[in-house]
Amino acid sequence: MADRMRLLELCLRECAATFGWNLTGNFLACSKGYLSFILLPSLSERAIEYTLSYRYSSFDRVYHAITMANVYPGYTIVESSQHVESWSLMGVSTAMRTLTSKADRFAQALSDRIINVDDNIGFLNFIQRRDIASGLRPRSITTEIILTYLLTGDNENAVAAAEEAIRAGDNGGGLYQSVIDYARRMA
């Protein structure tokens, strides 16, 4: 497994250089337009499992003000795998280049469509509707809605959304109480 990890690391470096993404630790990251993306690969028996997440880049500033963390982790939009023909350098490189190419094209297309916070919320609502239509449990977009309110200066609705989520049993990993405290300090 250590050999496979080393191969993946080499291929991540190659893909970062080829596609203009940044290699940060064990993942690739890039910014396109108003969005930032993280491509996080991991190894399984016959494939590279991966997630692609994105965030509206301006959320980082608000998230930092609330949590002191520098980067908002984002919203996972793709969870899938890329088959690896063989665990040779060429096999892993081909799989990783294919995967990164798909992620790069998707990131560019999405960043062309999302140019403001309303577009972002519209896209997240689309994902929820798609999940429901596919018979999946829709993922929560409460955090993104709250961050949008804070970003646009609507602290009253940010507090209301955070309080509603807490009443519903979702504390956002402690984030929502921090949002309430932050918004009240800013009032």
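**Entry 1: Asp-131**

I started with Asp-131, which counts as buried because its relative accessibility is 6%, below the 20% cut-off for that class. A reminder to myself before going on: this is a predicted model. I then looked up where Asp-131 sits, and its place is in helix 4, residues 117-133.

Which residues does Asp-131 touch, leaving out those up to four places away in sequence? I found Leu-136, Arg-137, Pro-138 and Arg-139. One of these contacts got a second look: the side chains of Arg-139 and Asp-131 form a salt bridge, at 3.5 Å from N to O.

**Entry 2: salt bridges**

Next I asked how many salt bridges a search of the whole structure finds. The search gives eight. I noted to myself that side chains of opposite charge can pair when their charged atoms come close.

I picked out the pair Glu-9 and Arg-13, whose side chains meet at 3.2 Å, N to O. Both residues belong to helix 1 (residues 2-19), and they are four residues apart, about one turn of the helix.

Then I turned to Arg-97 and Glu-14, a salt bridge with an N to O distance of 3.4 Å. Arg-97 lies in helix 3 (residues 89-113) and Glu-14 in helix 1, so this pair ties together parts that are 83 residues apart in sequence. For Arg-97 I have 30% relative accessibility, which counts as partly exposed. Glu-14 is also listed at 30% and counts as partly exposed.

I came back to Arg-139 and Asp-131, the salt bridge at 3.5 Å from entry 1. I also wrote down a network: Arg-6, Glu-9 and Arg-13 are joined into one by salt bridges that share partners.

**Entry 3: helix 7**

My last stop was helix 7, which runs over residues 175-186 and has 12 residues. From its first C-alpha to its last I read 16 Å, close to the 16 Å expected at 1.5 Å a residue.

Which residues of helix 7 are buried? My list is Leu-175, Tyr-176, Val-179, Ile-180, Tyr-182 and Ala-183. I also wanted to know what covers them, and the cover includes helix 2 (59-67), helix 5 (142-151) and helix 6 (155-167).

Technical notes:
Residues numbered from 1 in each chain as written. Predicted model: local features only at pLDDT ≥ 70, side-chain atom pairs only at ≥ 80, totals over all residues. Heavy atoms only, no water. Helix = DSSP H or I, 4+ residues; strand = E, 2+ residues; numbered from the N terminus. Buried < 20%, exposed > 50% of the residue type's maximum accessible area, 1.4 Å probe, protein only. Contact = heavy atoms within 4.5 Å. Expected span 1.5 Å × (residues − 1). Salt bridge = Lys/Arg side-chain N within 4 Å of Asp/Glu carboxyl O.
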